[in-house]
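Here are some exercises to work through with the model open beside you. Try each task before you read its solution.

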Amino acid sequence: MESKPIRPWRLVARGLAADLISAFRNVARQGHRTLAALGAVAVGIVAYMLAAGFIEHSLWLLREDTIRSHLGHLQVAKRGYFEAGAADPRGYLFEPEMGLEALLWKIPNVEAVAPRIAFSGLVSRGDATLSFLGEGMDPAREGELARSVLIVEGRPLDPADPNGVLLGQGLAASLGAKVGDTIVLLANTPSGGVSGVEARVRGLFLTVSKAYDDHALRAPLRLVQQLLHTQGIHKWVVLVKETSTVPETLVELRTGLSATPSFEGVPWWEFADFYHKTVTLFTRQVDFVRLVIAVIIVLSISNTMLMGVMERTWEVGTALALGASRIQVLRRFVMEGLFIGATAGVVGSVMGATLAYIISAVGIPMPPPPGMARGFIAEIAVNWTITWDAIGLAVLSAFFASLYPAWKAASLPIVEALRYSR
């Protein structure tokens with residue numbers, strides 16, 4: 001009876017399984033040296049996960065504070081307003097009763113919709129007069145849109161106080177204004193004249209941006225419309241339930257606005273210049289940490305494997321003399337390095353995630369970063385992306401670290417290797 005031929009892929013699978021078992025045994029029998037390499041690599045992976053998780057949480061916090069302090073997730077205005085509105089604000093006013101709000105509420109995931117009117121002018125208190133950048137808003141609609149605005153003194157805007165305004169802490173300090181003081185707002189009207197109103201400082205606030213707080217003023221929408229002699233607004237600010245759904249919501253918004261081509265919707269990231277610069281800076285820092293960890297892994301595993309090659313020279317020569325190919329020897333040493341890297345990567349990621357959870361439960365008090373107005377309590381946000389990145393870093397670095405020792409072992413002359421003292 002004829003035997004069935006063994007398929008080539010099965011032969012390859014058997015060879016790889018044999019090489020893997022051999023690599024495992026070789027790693028296991030070098031206990032102390034393997035543990036030292038595993039420990040060095042695992043500590044590096046823990047350090048990487050903690051650094052990456054810290055930056056991940058800091059960027060998440062900055063993003064959410066930026067969105068929920070004044071930008072919102074989406075802004076809808078007359079087409080061209082975001083490019084030329086600062087130079088010609090009166091040309092982009094529109095009546096809020098145009099049905100646009102109803103259209104916005106029909107979009108899935110929308111959590112809040114609020115009208116805004118941008119204005120600028122002069123604010124006076126006593127002999128002090130300063131320029132400001134202001135926003136008129138409906139206090140009853142802000143809610144979640146102002147969640148990240150920190151009221152350091154006084155109270156937030158209230159529909160029951162139509163003349164109460166908020167000053168950025170930097171602007172209030174420059175003006176010498178305190179809660180309860182009376183101030184005068186002066187601004188140009190759409191017709192080209194100058195108008196003024198009296199207002200009362202209801203509170204002082206802080207956002208994530210110190211530069212914004214040094215010039216910012218917030219006032220009830222009706223007061224600003226009275227000041228500017230208009231009933232219009234400049235934009236609707238839209239907040240959705242989850243920031244991750246903004247791209248899908250933007251598509252829905254632009255589809256809905258296709259029936260009214262005179263309006264456009266713009267996502268938050270097109271206004272967040274400070275956020276993007278911070279992301280670029282922190283990303284480069286993470287890349288540097290990744291490079292340092294990769295060097296540590298390469299040095300640790302290379303040193304361990306080179307010592308192993310020296311100790312097993314006679315053994316490698318014997319294997320070659322008995323018919324093992326040089327490719328097979330190289331493959332086994334590479335598998336040893338990969339085994340060390342993968343094991344250390346998994347162990348390090350588990351340790352890193354555990355430490356991140358413990359540290360986050362306690363919190364890390366942080367001072368105000370450059371360009372920001374207040375400190376924050378940092379955490380370490382470890383997600384699956386960071387975890388797989390850490391394991392991949394360990395495995396990939398281990399692969400490159402094992403290439404030279406594996407090549408050196410595979411290129412040993414058989415006769416000289418057999419003569420080598422055991």
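**Exercise 1. Locate His229, state whether it is buried or exposed, and describe its phi angle.**

Step 1. His229 sits in the loop between α8 (221–228) and β9 (235–240); helices (H or I, at least four residues) and strands (E, at least two) are DSSP runs, numbered from the N terminus.

Step 2. This is a predicted model, in which local features need pLDDT of at least 70, side-chain atom pairs count only at pLDDT 80 or more, and totals for chains, interfaces and linings use all residues. Residues are numbered from 1 along each chain as its sequence is written, and side-chain values use heavy atoms, with hydrogens and water left out.

Step 3. With a relative accessible area of 58%, His229 is exposed (buried means under 20% relative accessible area, exposed over 50%, partly exposed in between, with a 1.4 Å probe and protein chains only).

Step 4. The phi of His229 is near 60°, a positive value in a residue other than glycine.

**Exercise 2. Find the surroundings of Gly72.**

Step 1. Gly72 belongs to the loop between α2 (31–71) and β1 (74–78).

Step 2. Because its relative accessibility is 0%, Gly72 counts as buried.

Step 3. Leaving aside neighbours within four places in sequence, Gly72 is in contact (heavy atoms within 4.5 Å) with Ile67, Leu145, Val237, Val238, Leu239 and Trp268.

Step 4. Now take Leu239 from that list: Gly72 and Leu239 are 167 residues apart in sequence, yet 5.3 Å apart in space, C-alpha to C-alpha.

**Exercise 3. Which residues have the most contacts inside the largest nonpolar core?**

Step 1. A nonpolar core is a set of buried Ala, Val, Leu, Ile, Met, Phe, Trp, Tyr and Cys residues joined through side-chain atoms within 4.5 Å.

Step 2. The largest one has 54 residues, and Leu167 and Ile183 have the most contacts inside it. Strand β2 (residues 110–125) gives the most to this core, with 7 residues.

Step 3. Beyond four places in sequence, the residues that Ile183 touches include Val123, Val165, Leu167, Leu175 and Val197.

Step 4. There is also a second, separate core of 34 residues, with Val309, Val334, Ala409 and Ala410 among them.

**Exercise 4. Describe how α10, α12 and α13 pack in pairs.**

Step 1. Two packed helices are described by the angle between their axes and the distance between the axes. Axes are lines fitted to C-alpha atoms, for helices over the stretch in contact, and angles run from 0 to 180 degrees between N-to-C directions.

Step 2. The axes of α10 (residues 273–311) and α12 (residues 326–362) come within 11 Å and cross at roughly 140°. That makes α10 oblique to α12 (angles under 35 degrees count as roughly parallel, over 145 as roughly antiparallel, 65 to 115 as roughly perpendicular and the rest as oblique). Here Ile301, Met305 and Val309 in α10 meet Phe333, Glu336, Gly337, Ile340 and Gly341 in α12.

Step 3. α10 and α13 pack at about 35°, with axes 8 Å apart. Their contact divides into 15 nonpolar, 3 polar and 3 charged residues (Ala, Val, Leu, Ile, Met, Phe, Trp, Tyr, Cys and Pro count as nonpolar, Asp, Glu, Lys and Arg as charged, and the others, Gly among them, as polar).

Step 4. For α12 and α13 the angle is about 155° and the axes are 7 Å apart. α12 and α13 are therefore roughly antiparallel to each other. By class, this contact has 17 nonpolar, 6 polar and 1 charged residues.

**Exercise 5. Is Ser397 buried or exposed, and what does it touch?**

Step 1. Start in helix α13 (residues 384–410), the place of Ser397.

Step 2. Ser397 is buried, with a relative accessible area of 7%.

Step 3. Not counting residues up to four places away in sequence, Ser397 touches Ala294, Ile297 and Val298.
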